[in-house]
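User: I would like to learn how to read a protein structure. Please take me through one feature at a time.

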Amino acid sequence: MATGLLKQSSVQYRWNSESVSEELFIPTTFNKLEASDSAPMVNGYTTQGFIVNGNTVYGSVALLPRGILNWKVTSWEDLVVEQFALFYLLHPKIDIVVLGTGSKVQRVNLELLYGLKKKGLNIEVQDTPNACATFNFLLSEGRPAGAALIPPEHIAT
């Protein structure tokens with residue numbers, strides 16, 4: 001089965017104004033990608049990106065219950081709270097974000113985890129293969145979940 005590339009499109013999100021404060025945010029770059037109206041299920045992954053709903057997405061990806069976005073993140077070591085703004089500002093609220101840190105589960109900076117908790121965002125840190133499976137499972141249960149996935153550095157055979 002051949003996979004196609006998703007086309008970029010503009011999108012408007014409704015931000016929960018109660019979540020927005022006067023603090024300065026580091027710009028977080030997301031590119032909205034067209035997808036079907038179905039939930040974005042992860043069909044596979046490579047060292048270059050992901051296959052979501054049968055479409056190839058290159059690089060890191062942010063997945064929402066009804067959206068697929070390129071996420072301009074290359075390493076789990078450089079993550080900061082502001083790069084998760086879409087997840088904690090979007091309405092309706094997401095219950096949990098599954099963070100895939102690559103080939104191995106990594107010890108993410110505690111300041112990041114505490115900062116996200118203060119924003120009301122629950123994070124589950126896993127290696128990317130397990131994060132993909134967990135995200136698919138959460139959506140299949142109807143949970144409002146998100147995923148922040150960094151491609152694995154290598155694929156175990």
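User: What percentage of the 157 residues of the chain count as buried?

Analyst: This is a predicted model. Of its 157 residues, 45% count as buried. The accessible surface of the chain is about 8800 Å², and carbon and sulfur atoms hold 52% of that surface.

User: How many helices and strands does the chain have, and in what order do they run?

Analyst: There are three helices and 10 strands. Read from the N terminus, the order is β-β-β-β-β-β-β-α-β-α-β-α-β. Contacts say how the chain folds back on itself. Taking those between residues at least 6 apart in sequence, 73% join residues at least 24 apart.

User: How do I read a pair of strands, and how do E3 and E4 run?

Analyst: Look for the bridges between them. Strand E3, residues 42-45, and strand E4, residues 49-52, run antiparallel and are joined by three bridges. One of the pairings is Val-42 with Val-52 in E4. The two strands form a hairpin, with three residues between E3 and E4.

User: How do I read a helix, and which residues of H2 are buried?

Analyst: An α-helix has 3.6 residues a turn, so residues three or four places apart point the same way. In helix H2 (residues 110-118), the buried residues are Leu-112, Gly-115 and Leu-116. Viewed down the axis of H2, these buried residues fall within an arc of 95 degrees, so they line one face of the helix. Leu-110, Tyr-114, Lys-117 and Lys-118 are exposed on the other side of H2. The cover over the buried residues of H2 includes H1 and strand E9 (122-126).

User: How do I read a nonpolar core, and which residues touch the most other members of the largest one?

Analyst: In soluble globular proteins, nonpolar side chains tend to be buried together. The largest nonpolar core here has 25 residues, and Phe-84, Phe-87 and Leu-99 touch the most other members. Strand E6 (61-64), E7, H1, strand E8 (96-100), H2 and E9 each give two or more residues to this core. H1 supplies the largest share, five residues. Apart from this core lies another, of 17 residues, including Ile-96, Ala-131, Cys-132 and Ala-145.

User: Which residues does Leu-99 touch, leaving out those up to four places away in sequence?

Analyst: Among them are Trp-71, Leu-79, Phe-84, Val-108, Ile-123 and Val-125. Leu-99 also touches Glu-124 and Gln-126, as well as Ala-131 and Ala-148.

User: Is Ser-75 buried or exposed, and where is Ser-75 found?

Analyst: A residue counts as buried under 20% relative accessible area. Ser-75 has 15% relative accessibility, so Ser-75 counts as buried. Ser-75 is in the loop between strand E7 (67-71) and helix H1 (85-89). A polar atom of the Ser-75 side chain lies 3.1 Å from the backbone nitrogen of Glu-77.

How values were computed
Residues numbered from 1 in each chain as written. Predicted model: local features only at pLDDT ≥ 70, side-chain atom pairs only at ≥ 80, totals over all residues. Heavy atoms only, no water. Helix = DSSP H or I, 4+ residues; strand = E, 2+ residues; numbered from the N terminus. Buried < 20%, exposed > 50% of the residue type's maximum accessible area, 1.4 Å probe, protein only. Contact = heavy atoms within 4.5 Å. Areas by Shrake-Rupley, 256 points an atom, 1.4 Å probe, with all protein chains shown as cover. Polar contact = N/O pair within 3.5 Å; in protein donor to acceptor, adjacent residues only side chain to side chain. Pairing = 2+ DSSP bridges. Arc of directions from axis to C-beta. Core = buried A, V, L, I, M, F, W, Y, C linked by side-chain atoms within 4.5 Å.
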